[in-house]
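Thanks, everyone. Let's get the model up on the screen and walk through it.

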Amino acid sequence: MIKIHSWIQRYNSLLLQKLNIWRNGLNMLLKELIETEMRCAGATPDYAGYFYLMYAVNASITDGSPLEQAAVRIYTQVAEQCGVSPSSVERGIRMLGPVMWRNGENTLLKSAFPGSMELIAALRDNVLAHMRECGAANA
């Protein structure tokens, strides 16, 4: 009985390791998709808002709740990751908006000058659309 129990523990441990590797792989894919979408939209890592926006889009995708309800939670989560205040996160993303609006290669932001949440929503929607096209999301 003890041998079976230890075997089950080792098996469960192996499954958890494989699950973590799989999750890390998906996180890397998601990060790459977000960064590609941001660069196509005209963002550059020269701005602090670039990293805030990348984390915020990632958080909005993984959170899954409507963006209006998750805004404060996302800003707080990104602020904790980056060691700044939530208002700094919002301001950094908002300051990146005009840069992207001027420099963007696609029509993501050309129709309107977005606020920070609109920017997060537009990028999130584009990333999710690309994931659906590739069969990586069930949305």
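Start with S116, which is found in helix α5. Helices here are DSSP runs of H or I, at least four residues, numbered from the N terminus. This is a predicted model: local features need pLDDT of at least 70, side-chain atom pairs count only at pLDDT 80 or more, and totals for chains, interfaces and linings use all residues. Residues are numbered from 1 along each chain as its sequence is written, and side-chain values use heavy atoms, with hydrogens and water left out.

Is S116 buried or exposed? Buried, because its relative accessibility is 6%. The cut-offs: buried is under 20% relative accessible area, exposed is over 50%, partly exposed is in between, with a 1.4 Å probe and protein chains only.

What does S116 touch? Setting aside residues up to four places away in sequence, Y75, E90, I93 and R94. Contact means heavy atoms within 4.5 Å.

Now helix α2, residues 48-63. Its buried residues include G49, Y50, L53 and M54. F51 is also in α2, but F51 is partly exposed, at 36% relative accessible area.

Take L53 next. Leaving out neighbours within four places in sequence, L53 is in contact with M38, I93, L96, M100, L119, I120 and L123.

Last, the end of the helix. Just after α2, G64 takes a positive phi of about 80°.

Notes
Helices (H or I, at least four residues) and strands (E, at least two) are DSSP runs, numbered from the N terminus.
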